[in-house]
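Please view the structure first.

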Amino acid sequence: MLSAWVPALIGLLLDILIIVYLVRGPLKRFIFVFCYCLVEAVVLGVLSYLQLGPPGLPYEKFFWAADLVSHGLITLILISLIRESLGSSADLKGLASWVLPVAIAGVAIGSVLAFRDPSVKISVWMTPVTRNLSFAEEILNFMLWTALIRNRDYDRLLLFISAGIGVQVTGEVIGHTIRTFMRKGTMIWLPDTLVTVSEIICLLTWVWAFSRPKGPVPLASLRPRE
């Protein structure tokens, strides 16, 4: 359907544009953003809408495996940016490097154990799993946002990357939550549209951020009392 191809094409073009910006600039610094956009463009952008996958592997399983990879890359983006925003605090950086990945892995494993049901389609029980992962990423993003605004000078680029992720994971949490409570065949377009729009807004935010001049932005000074 044309309505399905339009957002897919928009997302694909935005992913490619971000990849171009990164290759021409801060590729090493944002290597996980690059990998995420590459996975989204090739796997979820092209193969998903063509419904193609590795030979012998059902498309549904391939799609959800790719979705888990995307969640893993979002987690790596957030953890790397949290570490960067902590400055020279080696102890906090070390703590973030092992506590946060273990926590997210715990959420993933616990969600799979809680919702996995071989008697139903994989999409039925993977929807709450991916919702829980998006919620965990939202908490990580809040931690990143807190670490950024506590600095007197904050990096505009990191702030907008965080803002984009915040919009995306919030849309995914709401969309997947709605989907879990909906019966088959009832307004399924509503959560799908919410998830898709939030992902496109995230990519648009990243494109805007990578196209802007780089550098720290000083916080506005407080107005003196009269």
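How do the residues of the lining of the largest cavity divide into nonpolar, polar and charged? They divide into six nonpolar, one polar and one charged. The model is predicted.

**Cavity**
- The count comes to one cavity of 30 Å³ or more.
- The largest cavity holds about 30 Å³ of space.
- R29, F30, I31, F32 and V33 belong to its lining, as do I77, S80 and L81.
- Two helices, α2 (31-50) and α3 (59-85), each supply at least two residues of this lining.
- By class, R29 is the charged residue of the lining and S80 the polar one.

**Second largest pocket: volume and lining**
- The second largest pocket has a volume of about 210 Å³.
- Its lining includes I82, L86, L92, L95, A96, V99 and L100.
- M143, T146, A147 and R150 also line this pocket.

**Second largest pocket: helices and classes**
- Helices α4 (90-115) and α5 (122-149) each supply at least two residues of the lining.
- α4 gives the most, with five residues.
- The lining has nine nonpolar residues, one polar residue and one charged residue.
- T146 is the polar residue of this lining, and R150 is the charged one.

Definitions and conventions: Residues numbered from 1 in each chain as written. Predicted model: local features only at pLDDT ≥ 70, side-chain atom pairs only at ≥ 80, totals over all residues. Heavy atoms only, no water. 1 Å grid on protein atoms, 1.4 Å probe; cavity = no way out; pocket = protein on both sides within 12 Å on 5 of 7 lines; lining within 4 Å. Points joined across faces, edges and corners; volume = space filled by probe spheres on them. Helix = DSSP H or I, 4+ residues; strand = E, 2+ residues; numbered from the N terminus.
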